[in-house]
Amino acid sequence: MAGGLAALLLALAVLAPAPGVRAGSTSSSDPGAILQEIQRTQQRLSQMQSQASRTRQQLSTVQSRAAAAQSKLNQLRQQLQVTRQELARRQNELAQARQRLDQLQAALAAAQARLESQQQRLGDRLRATYEAGTVSYLEVLLAARNFADFVTRFQLLERIVAADVDLLHQVQAQRAEVARQTQLQEQQVARISELTRQVASAKQALDQKTAQQQQVTLEYQQSAAELQAALDEEERASQEVQAELQRLQRQYEEALRLSGAVVLEWPLSSFVVTSTFGSRYHPILKQWRMHTGMDLAAPSGTPIHAAAPGVVFYAGWMSGYGNTVILVHGNGISTLYGHMSQILVQANQQVSAGQVIGLVGMTGLATGPHLHFEVRVNGTPVNPQDYVGRVIR
C-alpha cells in the first residue's frame with residue numbers, strides 16, 4: 001500500500017467513526033427485511049417474465065402458422081375462383097355447342113325431308129313414265145312438226161330428266177354434309193361435356209380442400225387470439241409486480257436513509273475474479289504481500305459503478321493503484337477503485353448508487369485490464385465478498 005493511501009485511509013477513519021456492522025432485522029420497516037422482500041419480488045417478476053417470454057414465443061409460432069395457413073387459404077380461394085370461371089366458360093361453351101347441335105340436327109332433318117321429297121318427286125315421275133310406257137316419250141318426239149322441233153323436244157326431255165337427277169344429287173350431297181357436320185358437332189359436344197365434367201370434379205375437390213384449410217386457419221387464429229389474451233394478462237400482471245418492486249425499492253431507499261445503513265453492490269455488471277482478498281504472491285513485485293481487495297477482470301473501458309451512494313473523497317493518480325477513486329458512504333464504510341483507464345468524477349462530488357465513476361483500465365501496477373476493488377471499515381480493509389449485498393449499519 002502506498003504511503004499516500006495510508007494517510008488518506010487514516011483520515012477516513014477519523015471522518016467515519018466505527019458504528020458496527022450487522023445484518024438487517026426482520027421488521028417491515030427494516031432495510032434487510034425490505035431487501036429480502038425485494039429479492040422475492042424480483043424472483044417472482046423474473047418467473048413471470050420468463051413465462052411471458054415463453055408465451056410470446058408460442059404466440060409468434062402460432063401467428064406464423066396462422067399466417068402460412070391464411071396464405072395457403074388465399075391461394076386455394078384464387079384457384080377456386082379461376083376454376084369457377086373455367087367451369088362457367090365450359091358450361092357456356094357446352095350450351096352453345098348443344099344449341100349448334102340442335103340447329104344441325106334440325107337442318108339434317110330438313111335435308112332429309114327435302115331428299116325424301118325429291119326422291120318422291122323423281123319416283124313419281126319415273127313411276128308415271130313407267131306406267132305410261134316409252135310410247136309417251138316417242139309420242140312427244142313424233143309429234144314434232146319438223147326436225148328442228150324434234151331436236152328441241154328431245155333436248156327438253158333430256159333437260160327434265162337431267163334436272164331431276166341433278167337436284168336429287170344436290171339434295172343427297174347437302175344431306176351428307178349436314179350429317180357430317182352433325183356427327184362432328186356430336187363429337188364436339190361429347191368432348192366439351194367431358195371437359196366440363198372434369199372441371200366440375202376439380203371444383204368439387206377444391207371446395208372440400210378450401211373448406212378444410214379454412215377450418216385449419218380458423219383454429220390457428222383462435223389459438224393466436226387465446227395466446228394473445230394470455231400474454232396481455234401476463235404482461236399486465238408483470239407490470240403490477242414491476243410497480244410493486246419499484247414501490248419496495250423506494251421504501252428500501254427511504255429505510256436506508258432513515259437508518260443510515262449502507263448496502264454495497266458490485267461495481268461491475270460482469271467480471272471474473274482473478275485475485276481474492278488476502279495474502280498472495282505479487283505477480284509484478286515477486287514477493288508475498290497482503291492483497292487488500294479483489295481484482296475483478298473486465299474488458300478495458302467497461303463502466304465502473306459506485307457501490308453505494310456517497311461522496312468522492314479522492315480522485316486522481318495513486319502510485320501502484322494508478323487512476324484511483326475513493327468513495328465515502330457513511331457508517332465508516334469506504335470503497336476504493338484502482339487501475340482505472342479514466343476517472344469520471346472529482347473530489348467532493350456526491351454520487352448515487354450505480355453511478356458511473358470511471359472506466360476499467362490497467363494503470364499503475366497491473367498485468368492486464370481489471371478493477372482493484374476495496375472495501376474498508378473505519379479505514380481497515382475487509383473482504384468485499386463479506387459485505388457486498390448486505391445491509392451495513
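**Close-up 1. Strand 8 in its surroundings.** In this predicted model, eight of the nine residues of strand 8 (residues 322–330) are buried, and the strand is therefore largely enclosed by the rest of the structure.

**Close-up 2. Strand 8 and its pairing with strand 7.** Strand 7 (residues 310–318) runs antiparallel to strand 8, and seven bridges join the two. Within this pair, Trp317 stands opposite Asn323 of strand 8. Three residues lie between the strands in the hairpin that they form, where Ser319 takes a positive phi near 40 degrees.

**Close-up 3. Strand 8 and its pairing with strand 9.** Strand 9 (residues 333–343) is paired with strand 8 over six bridges, again in the antiparallel sense, and here Asn323 stands opposite Met340 of strand 9. The hairpin of strand 8 and strand 9 has two residues between the strands, and Asn331 in the turn has a positive phi of about 55 degrees.

**Close-up 4. The largest nonpolar core.** This core comprises 28 residues, of which Leu264, Ile304, Val325, Leu327, Tyr337, Ile357 and Phe373 touch the most other members. Two or more residues each are given to the core by strand 5 (294–297), strand 8, strand 9, strand 11 (356–360) and strand 12 (370–377), with strand 12 supplying the largest share, four residues.

**Close-up 5. The contacts of Ile304.** When neighbours within four places in sequence are left aside, Ile304 is in contact with residues including Pro267, Leu268, Tyr337 and Met340, as well as Gln355, Val356, Ile357, Gly358, Leu359, Val360 and Leu371.

Note on methods:
Residues are numbered from 1 along each chain as its sequence is written. This is a predicted model: local features need pLDDT of at least 70, side-chain atom pairs count only at pLDDT 80 or more; totals for chains, interfaces and linings use all residues. Side-chain values use heavy atoms; hydrogens and water are left out. Buried means under 20% relative accessible area, exposed over 50%, partly exposed in between (1.4 Å probe, protein chains only). Two strands pair if DSSP finds at least two bridges between them. A nonpolar core is a set of buried Ala, Val, Leu, Ile, Met, Phe, Trp, Tyr and Cys residues joined through side-chain atoms within 4.5 Å. Contact means heavy atoms within 4.5 Å.
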